[in-house]
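Here is a short report on one model. Keep the sequence and the 3D view open while reading.

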Amino acid sequence: TENLCKSAQIAILSLVFNRGTSLKNTDRRKEMIALVPLIAKKDYKGMAKQFRSMKRLWDKGCGLIGRREDEAKLIEKC
């Protein structure tokens, strides 16, 4: 992640702090796994899409939905 723009670095740090580093192949981790090649390619649009896709994991009204959206917007600043 060190080669990414600062906004993307911050979003990824927030994500990992919240969700951990596990890349165990489960439905709940599919976006985390999908992020790995996107980060390597600096595909900011793709990364933001995966952050938004994670919102499916939580009930409406959960603060994490807003957090993922905010992180996606940070990535889109790159």
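In which helix is glutamine 50 found? Glutamine 50 is found in helix H3. Helices here are DSSP runs of H or I with at least four residues, numbered from the N terminus.

## Ground rules

This is a predicted model, where local features need pLDDT of at least 70 and side-chain atom pairs count only at pLDDT 80 or more, while totals for chains, interfaces and linings use all residues. Residues are numbered from 1 along each chain as its sequence is written, and side-chain values use heavy atoms, with hydrogens and water left out.

## Glutamine 50

Glutamine 50 has a relative accessible area of 17% and is buried. Buried means under 20% relative accessible area, exposed means over 50%, and partly exposed lies in between (1.4 Å probe, protein chains only). Setting aside residues up to four places away in sequence, glutamine 50 touches Glu31, Ala34, Leu35 and Leu38. Contact means heavy atoms within 4.5 Å.

## H3 against H4

Helix H3 covers residues 44-53, and helix H4 covers residues 63-76. They pack at an angle of about 175°, with axes 8 Å apart. Axes are lines fitted to C-alpha atoms, for helices over the stretch in contact, and angles run from 0 to 180 degrees between N-to-C directions. The angle makes H3 roughly antiparallel to H4. The cut-offs are under 35 degrees for roughly parallel, over 145 for roughly antiparallel and 65 to 115 for roughly perpendicular, with the rest oblique.

On the H3 side, the contact uses Tyr44, Met47, Ala48, Phe51 and Arg52. They meet Arg68, Glu69, Glu71, Ala72, Lys73, Ile75 and Glu76 in H4. By class, the contact of H3 with H4 has six nonpolar, six charged and no polar residues. Ala, Val, Leu, Ile, Met, Phe, Trp, Tyr, Cys and Pro count as nonpolar; Asp, Glu, Lys and Arg count as charged; the others, Gly among them, count as polar.

## H1 against H4

Helix H1 (residues 6-19) also packs on H4. The angle is about 155°, and the axes lie 7 Å apart. That makes H1 roughly antiparallel to H4. H1 passes H4 in a left-handed crossing. Left-handed means that the near helix is turned anticlockwise from the far one by less than a right angle; clockwise is right-handed.

H1 contributes Ser7, Ala8, Ile10, Ala11, Ser14, Leu15, Phe17, Asn18 and Arg19 to the contact. H4 contributes Leu64, Arg67, Arg68, Glu71, Leu74 and Ile75. The contact of H1 with H4 divides into eight nonpolar, three polar and four charged residues.

## Two buried residues

Arginine 68 is found in helix H4. Is arginine 68 buried or exposed? Arginine 68 counts as buried, at 0% relative accessibility. Its contacts, not counting residues up to four places away in sequence, are Ser14, Leu15, Asn18, Arg19, Phe51, Met54, Lys55 and Trp58. The C-alpha atoms of arginine 68 and leucine 15 are separated by 7.9 Å, though the two residues are 53 residues apart along the chain.

Serine 7, in helix H1, is buried, with a relative accessible area of 19%. Beyond four places in sequence, serine 7 touches Leu74, Lys77 and Cys78.

## The disulfide

How many disulfides does a search of the whole structure find? The search finds one. Cysteine 5 is joined to cysteine 78, S to S 1.7 Å. The criterion is a pair of cysteine sulfur atoms within 2.5 Å. Cysteine 5 lies in the segment before H1 and cysteine 78 in the segment after H4, so the pair ties together parts 73 residues apart in sequence.

Cysteine 5 is partly exposed at 22% relative accessibility. Cysteine 78 is partly exposed at 35%.
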